[in-house]
Structures are given as structure tokens and as C-alpha cells.
Amino acid sequence: MPDYAYKAADTGGGVIRGIRFANNEEELATHLKEAGLYLIEFKEARARQIRNFFEGIQIGGPGRRGLVEFSNNMGVMIKAGVPLIQALNELREDIENKYFKKVLGQMIENIQGGDHLYVAMSKQPKVFPDLYVNVIQIGESTGSLDAAFFDLARHYKRIDDLVRNVRRA
């Protein structure tokens with residue numbers, strides 16, 4: 001059963017690209033029609049196309065350790081006087097987690113659009129829990145954003161250590 005890379009139109013006229021498994025072209029068109037899509041073009045997908053399609057998909061955020069590292073790094077950069085957007089850009093370039101890179105990119109766009117940091121973070125609930133967002137909001141309003149990041153790093157490090165110790169026991 002080959003994989004097909006396709007381009008289809010939805011009922012609203014939007015163009016959707018994807019990869020679908022089908023025995024032949026007719027089956028591909030039938031599957032897409034059942035999904036409310038109209039096939040525009042297709043070709044048999046190569047392994048590279050399939051890998052690229054699924055490469056950007058990652059389940060979940062950075063996890064506790066990722067938040068600890070992110071918080072420490074942000075705290076250091078803010079304390080050193082690095083502008084917020086520049087600090088986020090630097091971290092985005094260094095982070096290996098593709099989902100977290102995408103989240104940071106969206107946050108940068110939101111901040112450049114006029115949002116506060118805590119508002120941009122609140123739009124990413126899979127990555128930043130309410131506690132995190134609220135502490136950042138307090139840090140922004142009091143002018144001690146660096147201390148807020150360091151406090152969050154300590155908090156999530158303690159939780160991570162506790163979880164690790166419980167698992168070992």
C-alpha cells in the first residue's frame with residue numbers, strides 16, 4: 001500500500017496538504033471525499049517526504065527539566081540586561097525540542113504584537129502551567145522578572161528531584 005502526498009481543498013476553499021495511505025488513486029480520492037476534502041493533485045510519496053511531514057510533530061512540551069533549563073537561562077539573560085525578544089530568540093535557536101521552538105516562535109510574535117510575556121505564555125497552556133504564568137505576571141508587574149524566572153527554576157527543580165527520588169524508592 002503506497003503513501004500518497006496530496007493537495008486537497010476543503011469546503012471553505014482552503015488548501016490542505018498531507019500524506020495518506022491508500023491502495024490506489026481512486027481509494028485516496030474516496031477517503032478524502034469522505035473527510036470532506038476534494039483532491040487537487042497527488043503523487044506517490046517518498047520516504048523523505050513522509051519523514052519531513054511527521055518531523056515537526058511532537059507530543060507534549062519541554063517537561064519539567066526543560067522548564068528548569070528555560071527558566072534558568074531566561075533569568076540569567078534578563079539579569080544581564082538582554083532584551084526580552086533577543087533572549088527568547090537566543091533560547092529558541094539553542095533548544096532542540098521542535099515543539100518548544102515553535103511555541104517560542106509564537107510567543108515572540110505575540111510579544112512583538114503588543115502582548116505582555118505572561119499573556120504570550122498563557123496562550124501556550126501545554127507548555128506553561130497557570131502557576132508559571134502567574135509568577136511571570138507578578139515578576140513583570142513588580143520589575144523583578146529575573147527573580148521570577150530563578151524562583152520558577154528552583155520550584156520545578158525541587159519537583160523534579162522529588163519525583164526522581166520517589167521513583168527510586
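Tyr4 lies opposite Arg20 of strand 2 in this predicted model. Strand 1 (residues 3-9) and strand 2 (residues 15-21) run antiparallel and are joined by seven bridges. Strands pair if DSSP finds at least two bridges between them. Strands here are DSSP runs (E, at least two residues), as are helices (H or I, at least four), numbered from the N terminus. Five residues separate the two strands of this hairpin, and Gly13 adopts a positive phi near 90°.

Helix 4 (residues 84-94) packs on helix 5 (residues 98-112) at about 165°, with axes 9 Å apart. Axes are lines fitted to C-alpha atoms over the stretch in contact, and angles run from 0 to 180 degrees between N-to-C directions. Helix 4 is therefore roughly antiparallel to helix 5 (a term for angles over 145 degrees). The crossing is left-handed, the near helix being turned anticlockwise from the far one by less than a right angle. Contact (heavy atoms within 4.5 Å) involves residues including Leu84, Ile85 and Leu88 of helix 4 and Leu104, Met107 and Ile108 of helix 5.

Eight salt bridges are counted, each a side-chain nitrogen of Lys or Arg within 4 Å of a carboxyl oxygen of Asp or Glu. Arg64 pairs with Asp160 in this way, with the closest N and O atoms 3.7 Å apart. This pair links distant parts of the chain: Arg64 sits in helix 3 (residues 63-79) and Asp160 in helix 8 (residues 145-168), 96 residues apart.

Residues are numbered from 1 along each chain as its sequence is written, and side-chain values use heavy atoms, without hydrogens and water. Local features need pLDDT of at least 70 and side-chain atom pairs 80 or more, whereas totals for chains, interfaces and linings use all residues.

Terms used: Parallel < 35°, antiparallel > 145°, perpendicular 65-115°, else oblique.
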